[in-house]
Every structure is written in C-alpha cells, then in structure tokens.
Amino acid sequence: MGSFTVNGGVRLNGSVRIKGAKNAILPILAASILTDGEVVIHDCPHITDVDNMLDILLAIGCRIKRSGDTVIIDASGADSYVMPPSISKKLRSSIFMLGAVVGRFKKACFTYPGGCEIGNRPIDLHLSGLSRLNVKVTEEYGLISCEGEDIRGANIHLDYPSVGATENIMMAAVTAKGDSVIYNAAREPEIEDLQCFLNAMGYDVRGAGTTTIYIRGGGRPGAVEHRLIPDRIVAGTLLCMGAMTGGTMTIENVCMPHIMSLTSKLREIGCTVEAQNDTVRLKAPERISEIRLLETMPYPGFPTDMQAQVCAMCCVADGTSILVENVFENRYKHIPELVRMGAEITIRDRTAIIRGVPKLSPAELYAKDLRGGAALVAAALKAEGKSRVHGVELIDRGYERLEDTLNALGADVARDDG
C-alpha cells in the first residue's frame, strides 16, 4: 500500500489548473458505447477510476487511444454485454455501464459494483428505473441480469434524486421506443454534462439540471467530440487546503456556480474569495473561524464529497463547528484519524461537533476512502512536522498526482509506492 510523506506547516500559495470532473467522465465513458462513431473526450483526468473504466470498455471490445489529456474511443467493435467482475468490483461507478450496455446490446450481466465503503448505496433505484423502461431485471448469486429486447419509454419517478440512477435511466432511455420523463431527477452539474454529450452524439435530452428530464427515444448517434466540465470537488479540496493553511492561491478552470455552496462557507469563515471568468482566487486569514452549521444535501446543496475536507478544515478553526452528514451514514471514517492528530471531535449519529484547536500534531494516518484520504492529507499539511498518509491508492481514484499539485503550491509531499 502506497503512502504520502507530508512535511507540514507550510502555507499553500500559487496557481494551479484543474482538469475534467471524475464524476462527469465516468458516465460519459459509459455512454460512449451508444455510438459506433468516434468519441473524443478532452481534459480527461489521469486517475485510477478512469483507468478502470477504460479497462472495462476494452474488455467489452472497444478500441481506445489516449494522448495526453484526450481519450479517443471506438466502440464499433464492442461485442460483450458481460462486465468483467475483476474490474467492476474495483469501482462503484462500473454500475454506470448498466444503462448504456442494456441500451447497446439489449441485455446485460453485471456483478455488484465495488468502490469506497462510505455507507449504504443501494442500486434499487437503478434497477427499478430500468424495469419501468420494460427491461426485465433478475438478481441471483451476486449477479444482475437484464433483458431489454423491447425497451420502451416511460414516466419514471425517483424516490430519491440519485445521481447514478438518473444517469443510468438517461442512457437506456435514449435507445427506447417512445419518450421518457424522469421526475425528481438529480440536478448535479455532471448530469448536465452527460446531457450535452448525448445530445452532441445525436440524441435528444432536455431538462438536465432541473428536477424533470425529458428524453426522446431513438436518434441517429454519430461521432462526438466533448470537453469535460471542471472537477468541482478537486477545486473545493484545494480551496479547503488553502484556507486551513492560511494561504493565497489561484485555481484555474473552475465553474464558479458549481462551487457556490463551498465558497459561501469559505467567506463565512473569513476567507476572501474572488472569481473572474473561470478563475477563482482565495486569500485566507491567519486562522479561520468556525462554521456554525453545515449540512450535506443533494445538489445544489452542500456536496457530501466535500464533507471530509471541510471537517479537516474545521479542526483548526477558531470556535466550534457543526457538520451534519445527510447523504451517507458511514462517512465519518476520517474522524478517528483526525482525533489522533489532536482534533477535538464528537460524533452523535450523523452530526459531528468539532471544537477547533490551534494546531494539529503529525501522525501516521490511514485513509479509509477517497475523500477521507484527501482530508487526511489536508490535515497533514497543517500539522507542523512529518506525517505519513497511507492508502494513496484510494486517493488516486479521484485526484491526479495530488502530490504534484500540492508541491506546485509550495507543499512538501513525497510519494512512496511501497
């Protein structure tokens, strides 16, 4: 298991550019099999979740070329509807392939997906949505089998605005006979990006970004070239790191409306945040103040994917912060590690009460999930002295060479692939 050695106590200063969003590229890669035309995707991050998704596409017969930050996919030779278990178990987002594979082959065979253990993430909404499209779904012996020879449009109401379910239904519904409507759809920016991609391919999807999405079945899919939206979670992670270290930083390639729930909190704790075009500038005070109350919610509420990083930031705030995790019930695995560094945190059900301390102590730290791992790196940057963060493989799932990004901002982070 790899690790980061972090020599902390340094303010982060400087400028970096972030790449395309992890949560946008994964469903778009899945949707690439819905055309036999060439698919070109720009600003693709070099992260292991993308590597694993590309391996899945290769396993089902796609041809792939990667040149720098551009990925080119030719799915004309795709010939398998069976997901390789050894790969799909590595990442939760393999489930995004379900709707696209059913749409392409009219059948699919999947194992249950893997990924970070951050709580109960049932795929019932994915399966019930496909069932409404006249797909026959059976589950046994850890396998999900789908038969969709006669996919038909339908009106589908989601009990919860699940991002993955919304995207899976979109990808299957574009191939259906007749039109579909998704009610109580998730509103995340990555869903809008998927809509743009599908429409550029030749399908007809409207309403993404609202609670109601309209999908016209059929279309003439062809070649498509697409640039991903920026990764709002990577941008948010770096901003939190800058805030807690008292730094001044500029981040390029940011869509400001996508991170407003965070920037409003950064201003609340005393940071100066300025935006111009696709660039955001942060200037942090010597010591940030507390966040009185923060609750994670589906977009446009505060993202659960930023809760751990904000938790680390609040550990050194002047005052007591209260965080409430409403999305996943098991997303506080980073907190025991922060407590080992001297943080004062009390957990009551889904609420974390964080009493800020003047400083954190360096320690041996163990990441349990992707975002929690990034939070531990943030804490190590603040602690004066040498910390080691184990479990870099988890962090690599969503951050491209995080140590290089941080070192460009003046940090001292070294990777040991062990």
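These legends go with a few close-ups of a predicted model. Residues count from 1 along each chain as its sequence is written, and side-chain values use heavy atoms, with hydrogens and water left out. Since the model is predicted, local features need pLDDT of at least 70 and side-chain atom pairs pLDDT 80 or more, while totals for chains, interfaces and linings use all residues.

**View A. Helices H8 and H12 side by side.** H8 (residues 232–244) packs on H12 (residues 370–382) at about 25°, axes 9 Å apart. Helices here are DSSP runs of H or I, at least four residues, and strands are E runs of at least two, numbered from the N terminus. Axes are lines fitted to C-alpha atoms over the stretch in contact, and angles run from 0 to 180 degrees between N-to-C directions. The pair is therefore roughly parallel (angles under 35 degrees).

**View B. Who touches whom between H8 and H12.** From H8 come Ile233, Thr237, Met241 and Met244; among their partners in H12 are Arg371, Ala374, Val377 and Leu381. Contact means heavy atoms within 4.5 Å.

**View C. An open sheet of four strands.** The order is E17-E18-E20-E19, with mixed pairing; to pair, two strands need at least two DSSP bridges. E17 (294–295) and E19 (344–348) are the edge strands with a single partner each, so one side of each has no neighbour in the sheet.

**View D. E17 next to E18, with H10 on the sheet.** Two bridges join E17 to E18 (residues 320–324), and the two run parallel. Glu295 sits opposite Val324 in E18. Helix H10 (residues 307–314) touches E17, E18, E19 and E20 (351–355), its direction making about 165° with that of E18.

Technical notes: Angles under 35 degrees count as roughly parallel, over 145 as roughly antiparallel, 65 to 115 as roughly perpendicular and the rest as oblique.
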